[in-house]
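Please find below a colleague's note on the structure.

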Amino acid sequence: MRELELLSHIYRSNPKLPPGVTIPPGDDMGAVSIGGVSVLVTVDQLADGVHFDIAYTSIEKIGRKAITRNLSDVAAMAARPVGAVAAACLPRGFGEANAKALFDAMHATANSYDCPLIGGDISVWDQKLILTVTVFAESDGVEPVLRSGATVGDTVYVTGQLGGSLTTIENPMGYTHHLDFTPRIGLARVLASNTDTRPHAMIDLSDGLGLDLTRVCEQSGVCARINTGQLPISPAAGIAARTSGRPAWQHAMSDGEDYELCFTASASLPRQIDGVSITPIGTIIEQQAGPRVLIKLPDGTRVDTADLGWEHTG
Ligand SMILES: [Mg+2]
């Protein structure tokens with residue numbers, strides 16, 4: 001079963017959820033009302049061989065990513081993190097020094113985002129390292145931005161640069177963005193707290209722009225047209241393109257693990273906030289048959305995206 005099919009199966013039961021669920025499944029974080037206050041929650045898993053390769057990655061960077069990956073979801077809601085819990089399955093023979101270094105890195109990263117690690121669980125098994133982190137967040141005066149608000153006529157924006165994030169091992173530059181990225185929490189809250197700049201819909205780019213923007217479009221009942229000539233393509237995407245033989249824009253839209261934000265807004269936004277670039281890359285258009293995300297090359301050619309793996313659930 002494809003991930004999107006499984007997720008839409010889960011979303012179908014959303015209408016049956018009790019009223020205490022203030023943000024149902026289908027967004028970067030869910031939320032429940034606790035004592036009349038909406039508390040946002042996200043959980044993410046980091047697995048050796050899937051999200052990093054322990055043979056090439058320091059323990060410190062693995063611990064950091066386990067936290068920042070969740071914090072990128074907090075940014076996608078324009079929320080403020082308040083605390084985290086972590087569970088680890090350690091491979092037998094991992095060693096006490098490594099275990100301490102791992103939890104020290106998680107603690108230090110969480111603290112640096114005012115998101116203290118307040119509990120967890122450890123087990124030892126015969127498989128590879130798996131880390132599971134849950135982060136809680138609050139709106140703290142800024143209404144969360146959902147995926148469902150994209151409106152026809154909106155401009156589609158992304159922060160930072162896209163693509164090549166996972167080329168770590170074969171990448172001669174040693175580019176390790178998927179480990180070193182900064183969750184865009186501050187930028188998201190600046191944008192969302194100002195009615196002139198507030199995004200209508202937002203998501204963080206974990207699975208690649210093509211697939212993640214498809215999710216925004218599905219939740220919003222719209223389509224998007226992207227102009228590849230406007231994409232902020234990272235130098236690493238250029239390197240990946242030379243190896244793969246595919247155009248760099250495909251890497252920018254498909255590689256994933258960018259952990260930048262993609263959002264839609266009707267306003268004309270500043271080109272950067274706190275040194276982070278904000279780039280307009282396309283437009284939200286009315287829903288139509290076929291793929292949710294349409295691609296236009298600089299010469300005006302429309303691209304058939306059927307084979308690019310951006311799942312469409314109809
Ligand atoms: Mg996300």
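This is a predicted model: local features need pLDDT of at least 70, side-chain atom pairs count only at pLDDT 80 or more; totals for chains, interfaces and linings use all residues.

1. Residues are numbered from 1 along each chain as its sequence is written.

2. The protein chain contains eight helices and 14 strands, these being DSSP runs (helices H or I, at least four residues; strands E, at least two) numbered from the N terminus. Its radius of gyration is 19 Å, close to the 20 Å given by the globule rule for 314 residues, so the chain is as compact as a globular protein of that length. The radius is taken over C-alpha atoms, and the rule is 2.2 Å times the number of residues to the power 0.38.

3. The chain is divided into domain 1 (3–138) and domain 2 (155–303), with bounds from an automatic or database domain assignment. Their C-alpha centres lie 23 Å apart. The contact takes 19 residues from domain 1 and 17 residues from domain 2, where contact requires C-beta atoms, placed from the backbone, within 7 Å. On the domain 1 side, helix α2 (residues 59–76) supplies the largest share, 10 residues.

4. Helix α2 also packs against helix α3 (residues 96–112), at an angle of about 40° and with the axes 8 Å apart. Axes are lines fitted to C-alpha atoms, for helices over the stretch in contact, and angles run from 0 to 180 degrees between N-to-C directions. Among the residues that meet are Ile59, Ile62 and Ile67 in α2, and Leu102 and Met106 in α3.

Definitions and conventions: Two residues are in contact if their C-beta atoms, placed from the backbone, lie within 7 Å.
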